[in-house]
Amino acid sequence: MSHQGKKLLETILESAYERIVVVDAQGYITMINQTYADFLGIKREEAIGRHVTEVIENTRMHIVAQTGVPELGQIQYIKGTAMVCNRLPIEIDGKIVGAVGKAIFNDLGELNQLVEKVNSLQKELEYYKDTLKIVHGSHYTMKDIIGLSKEMQELKLVAYRVAQTGSTVLIRGESGTGKELFAQAIHEASPRRSGPFLKVNCAAIPENLLESELFGYEEGAFTGAKRGGRIGKFELAQAGTIFLDEIGDMPSNMQAKLLRVLQEKEIERVGGNKSIPINVRVIAATNRNLEDLLKRKVFREDLYYRLNVVELKIPALRDRRDDIPYLVEYLLEKLARKMGISLPKIDKEALEILSDYHYPGNIRELENILERTLNFIDGDTITAASLPAYLKNSLGDSRVFPATVSLKDYLEEAEKIAIRRALEISKGNKNKAAQLLEMSRSNFYLKLEKYKIK
């Protein structure tokens, strides 16, 4: 090594905080930094040229120089202090010419402090991950999908299998069948479970805002844009899942942009010119007849095939009546916890009425019925008299209902029936359903939210 090179190396060693020593092939010290010399309580000039075993107790530097086998993360006691050391052989042209040793930590106390700091940072990271999941997360797993019928068991098996892949999933079914529940369960069973789960209702967001909602926007992109811009749902869902609900109602111009995202795996913010790579799984859902939309040129065929990689068709509740008793039991337990009441019983007659009803609103309607019933129940048992009037009327029941049921309750039940019927006729098209009922779009959505109808 040239004099200049040796001087440079010595300068580097001296500037290092760690204790460093270098020996030749026979174990004699050729370099040692001042930090190490100060710790040993000797002068550097006294150490250089002496055998390492004479200067550093419990050393193995000479052994590493002879064997060429590195020793990493080793504990070495010097002057009663336990240090963590690395010892590495120095090789030139295939020949071991010495070894370099470095004390990574002055003592185990420093190592323990670092471990505690790393653990603390890890816990903080997990906390923020959990917080993100609460804000933008999923709540349901495969265990929350209740159903012992053959159809539901097969559907759960398919959902679990597809969860292990990154494939795009299209979930189809009537309103209230549990499409979002399946989407969340797939996310929770997937390798992306630690990432966020974000939902976007493609029908509820105005057309002129949907693009910025999905892709975000840059500062100054349009009048009223926030300073600094805004990140979109796709970026927020990085390493996670985005659930595009009511995909059949997505405007045609947005369909083209979504297709590009699925193909290119990148997005552009509104008002921006930079492509941003994304790593997001897409799960879409609809209660619309997409094939009919394709024929009418309302939905893009290329997007349909991009979304329909794996299709899950969720049966209506009336098509799996055998599951209703199990759903009633599950929902009553869930509602009792939510409402802070003791779990009620349900008699045979009431359960028969619930099992025979046709449920145009599916599971969501069943849950609404049970929650309403628990608010008006007398005692600890749900009876036929406890159930809403329209259930028995729909079954041709001529029994007289309690006088305690108010006119307001009857009117609300009539509104619900009318809204669900309009959705059935319009095949889930909310705009058309609102027109059938001669209601404004905004008022119709308020009613949907009030009665928890989707």
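Guide: Phe197 has a relative accessibility of 3% and therefore counts as buried, where buried means under 20% relative accessible area, exposed means over 50%, and partly exposed lies in between, using a 1.4 Å probe and protein chains only. This is a predicted model, in which local features need pLDDT of at least 70 and side-chain atom pairs count only at pLDDT 80 or more, while totals for chains, interfaces and linings use all residues. Residues are numbered from 1 along each chain as its sequence is written, and side-chain values use heavy atoms, with hydrogens and water left out.

Phe243, at 0% relative accessibility, is likewise counted as buried. Rings of Phe, Tyr and Trp (for Trp, its six-membered ring) pair if their centres lie within 6.5 Å, and planes under 30 degrees apart count as stacked, over 60 as edge-to-face and the rest as tilted. By this rule there are five aromatic pairs. The rings of Phe197 and Phe243 form a stacked pair, because their centres are 6.2 Å apart and their planes stand at 25 degrees. This pair links distant parts of the chain, since Phe197 is in strand 7 and Phe243 is in strand 10 (residues 241–245), 46 residues apart; helices (H or I, at least four residues) and strands (E, at least two) are DSSP runs, numbered from the N terminus.

With 39% relative accessibility, Pro206 counts as partly exposed. Pro206 and Pro251 are 45 residues apart in sequence, and their C-alpha atoms are 9.7 Å apart in space.

The whole structure holds 25 salt bridges, and one joins the side chains of Asp249 and Arg288, at 2.5 Å from N to O. Here too the pair links distant parts of the chain, with Asp249 in the loop between strand 10 and helix 11 (252–264) and Arg288 in the loop between strand 13 (281–286) and helix 12 (290–295), 39 residues apart. Arg288 counts as buried, because its relative accessibility is 9%.

Note on methods:
Salt bridge = Lys/Arg side-chain N within 4 Å of Asp/Glu carboxyl O.
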